[in-house]
Amino acid sequence: MAGGGGGGRAVRWEGAAYLRMRLSLAALSGRAVRITGIRSQELNPGLQDYEASFIRLMDKITNGSRIEINETGTTLYYQPGLLHGGRIEHDCHPQRSIGYYLEALLYLAPFMKRPLKATLRGITNDQMDPSVDTLKMTALPLMKRFGIDGEGLELKVVRRGMAPGGGGEVMFSCPVRRFLKPIQLTDPGKIKRIRGIAYSVRVSPQIANRIVDSARSILNKFLPDIYIYTDHMKGAYSGKSPGFGLSLVAETINGTFLSAELVSNPQGQGSPVLPEDLGKNCAKLLLEEVYRGGCVDSINQSLALLCMALGQQDVSKIQIGSLSPYTIEFLRHLKSYFQIIFKIEAQPMEERKGGDKVLMTCIGVGFSNISKTVT
Amino acid sequence: MEEGQKKAHRKRHSGPKAVRKKQRRLKELGIEDEVDPQKRNPKAFTVQSAVRMAKTFHRAQDLKTKKHHIPVVDRTPLEPPPFVVVVMGPPKVGKSTLIRCLIRNFTKQKLSGIRGPVTIITGKKRRISIIECGNDMNSMIDLAKVADLVLMLTDASFGFEMETFEFLNICQVHGFPKIMGVLTHLDTFKNSKQLRKTKKRLKHRFWTEVYQGAKLFYLSGMVHGEYQKQEIHNLGRFISVMKFRPLVWQMAHPYVLADRMEDLTNPEDIRKNQKCDRKVSLYGYLRGTYLKSNSQIHIPGVGDFTLREVGFLPDPCPLPEQQKKRSLHEKEKLIYAPMSGVGGIVYDKDAVYIDLGGSHTHNDEEEEQRPNYELVQSLIATHSTIDTKMASSKVSLFMDSKPLASEELEENGYLMPKEEKVIDSETGRVRRRAVFEEEEMAESEEDKSDTESEAEIGNQDQIDCEREIDPRPIKVMKLEEKEAEAAVERPVFADADDFEIDSEAEVTVDGYDDEEDDLACESEETFMYSSDKILEVSAMKNDVERTLNSKQKVEKLSLNLVNSASDESENDLDSTVEQTEEGSEIMENKMLSRDCSDSEECNEDYEEKIRSDAETIGALKWKEGLAQRAADVFLKQQSVLNLQKLVYGAVSENEEEDEEGDDTLGGIFHVNRPNTASKRKNSSLDSSVFHVKNPHNWDLEEVMNSIQDCFVTGKWESEKDASTLLGEDDSVYGAFEDLETGEVHTGQPGELKQNHEGEEDNEGNVDSRNTEEELERTKRLEKKRKLKEMFDVDYDNGEGTYFHDLKDEMQKQAQLNRAEFDDQDNETRVQYEGFRPGMYIRVEIENVPYEFVTNFDSSYPLILGGLGNSEGNIGYLQMRLKKHRWHKKILKTRDPLIFSLGWRRFQTIPMYYIEDHNGRHRLLKYTPEHMHCSATIWGPITPQGSGFLAVPSVAGTSKDFRIAATGVVLDLDKSVTIVKKLKLVGFPFKIYKNTAFIKGMFNSALEVAKFENASLRTVSGLRGQLKKALRTPEGAFRASFEDKLLMSDIVFLRTWYPVLVPKLYNPVTSLLRPSGERETWTGMRTFGQLKHDLGIRMKPNKDSLYRPIERKMKHFNPLHIPKALQRALPFKSKPKNQEKLAKETRDKKPVAVIKSAHEKKISALLSALSTVNAYKIQKQHKKEHQQHKEFLAQKRKQEEAKIKRQKEARKKIHRMLGQKEKRKMKSSLKGQTEA
């Protein structure tokens, strides 16, 4: 009844999937989580190294968390503390890129006690997770829409580190807010410009230029306003492994950002990739993203929905492209943590405007940042 | 007043009207007023000082902005819940009388006993819930948190009492609801002047507490035990037009002021263990904000709970439908007070009592909406008793079964439990109907089975008017003969209350025992179906074949169920099945039913298939074609229409899967279901990247075309296209007349036309005049809109401040909030937004302590306060706190206090501290007397900015002001940073110049190392620094000081020691105590209290004790003035006599005289003579004395005689004088005539 720490109503999960989502939502909702059967049937049972690293990160940004893991690592009990923030440093495990960790920080950073200034080290760009460049160009403008803006919101790629070696460094800082603003984004608007960044480390600097040319060859058919920066980092700033890649962002007149990215295969894995192919494929991926459409791109769907759910008790609306599996799972998790259900309306396909769109509507749960100090 | 004494009209001498008048008169007179002073003397109006002007402007602007409040989104629902009016006042002030009078005023009804909130309709758009507030701290605190309006009663003959001020302070802390004062007992004043004075005095006191000009009502006297009608009417008017301010806490939290409670615990459990945890349901209007099911609530006085089930009921006290009429119809003046016995219905914790004599208005209303209205009516009209009707009635349970008559059942020899309580069943009925609306099917199925056994329970003769009928009765059962009776019967049984089921189960067992074989086939089946218990019994009693048989039957039944419920939603079915809790067979059915409900909308044929399967083959046949069906379902889900289900439907399925876990089939076989959850997790990587599965070929033209319009280079919508916009602008500005030249310019409508034509051509010739006209119309509308927009922009230009923008934004959001879910039905809305404020809801809670039910007292407020995210957790709270200025004592750190924070009341141990200038949190032993300090407690996480108050105890009443402290929460944390001062003491053992070796401060070199470079201080005030540890002795160190130390100096090291806050969180569980003892809740006692109670006295320090004062005589040495000094002194100051006294000359000394014999003789003679002489003299003296004494006595005698004589003489004279006077008086009286 008067049990401490919400232990009485712990959320129970089974399996290793969506650990990131489960822990960060637990930290936001203040509900304890018990996850059992983490890879209990597999050859390599228990939590993976990158998950352990993530749990350590969660521990760093919170105050008063209780984490219990059994010997084999197959069960995890997490009782969240209060989000503390401040200046933290974290070495991300090279199994996953920094994007994996950064995405969770994006969920949590606005609700900390002190503005978060995180230095994350590890792989900046890989093929699994959204890269820091893409997040910088898409997630940060999205957060601004919810009132998380100002000087503090910044993501800086200090060093670039490619898989598998890593060695990159990213600075992320975010101001804190007590409340989020509701949004109504129902019209994505038309794409007015495409920007991008072609990066290469520990390879010939010419590769970036080759990527740019090939990407432009595809995109120029749609829009003249294209500028792709080339970013060649040298020496100490180039990490431990060679590699190159491209991330593209299309900006619409209403300020929505759609992104696509492609990275070369990590050293020693898979066949080598031609920069021209990579450029072309990435441009095509961007076109796919444009085809999906919506006011937020596919990787940031969950962030947008979370910010909507955590808003004031007002109606928020957003139009997005088709729901990604990750988003669907995220919606289910939102329901179990916050009892919030979105109204999901499919919108008919419009001629020459890409695929099906979905209109998501919800009333915020009236979340307020309980960590922030008032004076 | 007389006519002549009326005031004469006073002319206006100032103001615009007077000025105008004056000017008019002057004009008439022809002496026009001088020119405008501003023109006449422009210098006087110029800017004298820019700084001053800036200042005035600044000030004006400041004042203007000060008036602004932060705009908030208006979230009040369209149909708000009744406002909570709390009637508060000290005892015997007339609270209940006032409530009774108000109710009478609004509804023309008289309530006998008022318990709990009374909801009445006070106007066309206004309802209120009146509740009385007792004088115990608990009720006051709870009600202050939910009140919208407080009627603060005061006995004017006595004046304000402490309770009033306490309540005001509580209100202030928890947001300030509207407060209206009411003065009663004004008839006790006999003197009208005194009355006036008292009124004024009280009014001004009230104003200082609330705000200047706060409304204070006077209730002058009583007429037949009630207040005067007119005064109550006025008060009622004020209440019904009052505007309420939104309070932050209330707007951010859902809450229910419960007006009804029911105990739903299984009676069997209670029988087994009287003190088992209970399951209760609570009813009330939802207020505040949206309530989500499964959220956490706090019941002040009981504890925290998770909502088990929430459902909304039809409003028991609805506002009138149409708003046309001027005033309320008499019928619409409803009243709802379930615990007070309105219209003869009293809801108790386990029963509802109906006084049939009473009529109640809202019953009629509700009945009208029901289909069985006429049934009930006919029933009321019938004259035969239920018993006789029961006997003659028949009911068939299934479409194709034989109708049953009660006689048949009686043959079976079932026992008929006698029921004393009249309406028991109806309670359940009402309850069930409300929440498990969807379950009715299942219930009714169940109930059918109960029918036989219960048909005999004939003495359930009461017919509730509120009883309702299943919306689909025909599908479920066929009413054979007397429709009316059957309808009557069914609801009685339709209530599958746990208790009843149990009793029935027992009954059936008996039945089996008695005559097992005689059982009619139908009844047997139905019994098996009726409840799991019965099923078990039957399984035990009957042989295997029969069980199998029954299983089949059960199968069939449940399929019927599915069929009939095909249009119901999935959840409903699930819950239905859960509710019935049948054996494993039913579990299978459950899966089945879920499946079919997944594809509910148009899957009739599929259901039929299942049915045929089941009917023909048997229990396990449903599994056939499962994959096919699943595929169908999946395909359906794939379609965009089912996105919602794709996301959320699947989840519920999974959850259930998890819940079911490992079911056993018939207790033997283990059902191993594929775990979908695990499948899902294996397939997916934890990454938000949405990989493209089937990429388009972007080299193809048509593929590229599919997104062409997503770019600015593509085609724009007509209203945004640049060329059309230009054209429109032309048409807006197109036609105008040049006034100077008289030329008329026209726009180019032709161009527009051309555009249209072009478009039409593109689309193909669908031209018709209609579409053209339509286009024209839209164009015109568009044009108008544009013009209006332009006008608005022009008009609002001056007003376009940040504040206005913000306000507009908020308004827009509010409109959107209202509009978004407005068109949906309640069930769907509830899903998205949660339960809206204004709904009448029913809430089920489990694991409630049994004391709550056994000690339930409806006169205490019962509040369900919703908790936000993580508000159910516990942590450290930092708060700004101030001792209340009226509280007698200052507060001591570590003394437990009872806090009221958020919804909660709890006891905890606060630690007071103050923040030093360097940000250090220094512990205080006591709160400062007139200053804020900070406090840290271990308590429930409550959002920052929430106000709180603290009382030392809630028990009993005391003369003193009970509120000890108030404050606000500043910060929440999981750790504390309070420190207290620690002085380490050391002694020097070796001193060099400025260096000293100190020992005794630490025990080891490690400790010293921790304090290296720390600053030191000595008693004498020397400052120094700790340098380095010494090897020996252990813990000694070298330190340097600013000067040389003395060996007697003591060296201090001032440091800070972190303090732990004790983790005590002890909720005040006042509602769990018997009603008489609620005010006596005591938690942890303070140290002082404990010692006082146990009679323990602290042993004082011996040195601190007082001892008798012994004062010794002081010896002063003689003053010695040196000779030299004496000599130097002036004569005046010189010591004078001492020397003389000191020096006695020789001749002054007495000399011994030796007499000769002669001399001796002479002296002997002389002494003898003198002795004789002395004796003579003495004798003489004695004699004289004697004589004198006699003389005196004689004289006294004479004196006395003289006085006596004189006295008598005086007496005589006075007598004479008196007589003379009398005579004189008499004569003077007569004298007038005489003289």
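1. Buried area is the accessible area (1.4 Å probe) that two parts lose on being put together, summed over both. Between chain B and chain A about 7900 Å² is buried, and carbon and sulfur atoms give 56% of this. B:Tyr648, B:Asp686 and B:Phe690 supply 10% of the area that chain B buries against chain A, more than any other three residues.

2. This is a predicted model, in which local features need pLDDT of at least 70 and side-chain atom pairs count only at pLDDT 80 or more, while totals for chains, interfaces and linings use all residues. Residues are numbered from 1 along each chain as its sequence is written, chains are lettered from A and ligands numbered from 1 in the order in which they are written, and side-chain values use heavy atoms, leaving out hydrogens and water.

3. Contact means heavy atoms within 4.5 Å. By that rule, 84 residues of chain B touch 96 residues of chain A.

4. Eight salt bridges (a side-chain nitrogen of Lys or Arg within 4 Å of a carboxyl oxygen of Asp or Glu) cross the interface of chain B and chain A. One of them joins the side chains of A:Lys113 and B:Asp973, at 4.0 Å from N to O. Helix H27 (residues 643–660) of chain B gives seven residues, the largest share of the side of chain B that touches chain A. Helices (H or I, at least four residues) and strands (E, at least two) are DSSP runs, numbered from the N terminus.

5. Now a sheet in chain A. Its four strands form an open sheet in the order S7-S8-S10-S9, with mixed pairing. Strands pair if DSSP finds at least two bridges between them. Strand S7 (85–91) and strand S9 (154–159) of chain A are the edges, each pairing on one side only. S9(A) and strand S10 (residues 168–174) of chain A run antiparallel, joined by five bridges. Here A:Leu155 stands opposite A:Phe172 in S10(A).

6. Which strands does helix H3 (residues 98–108) of chain A touch? H3 packs on the sheet and touches S7, strand S8 (114–122), S9 and S10 of chain A. Its direction makes about 170° with that of S8(A). Axes are lines fitted to C-alpha atoms, for helices over the stretch in contact; angles run from 0 to 180 degrees between N-to-C directions. Helix H4 (residues 132–145) of chain A lies across S9 and S10 of chain A, at about 170° to S9(A).

7. Some backbone details. The peptide bond from A:Ala163 to A:Pro164 is cis, with omega near 0°. A:Pro164 sits in the loop between S9 and S10 of chain A.
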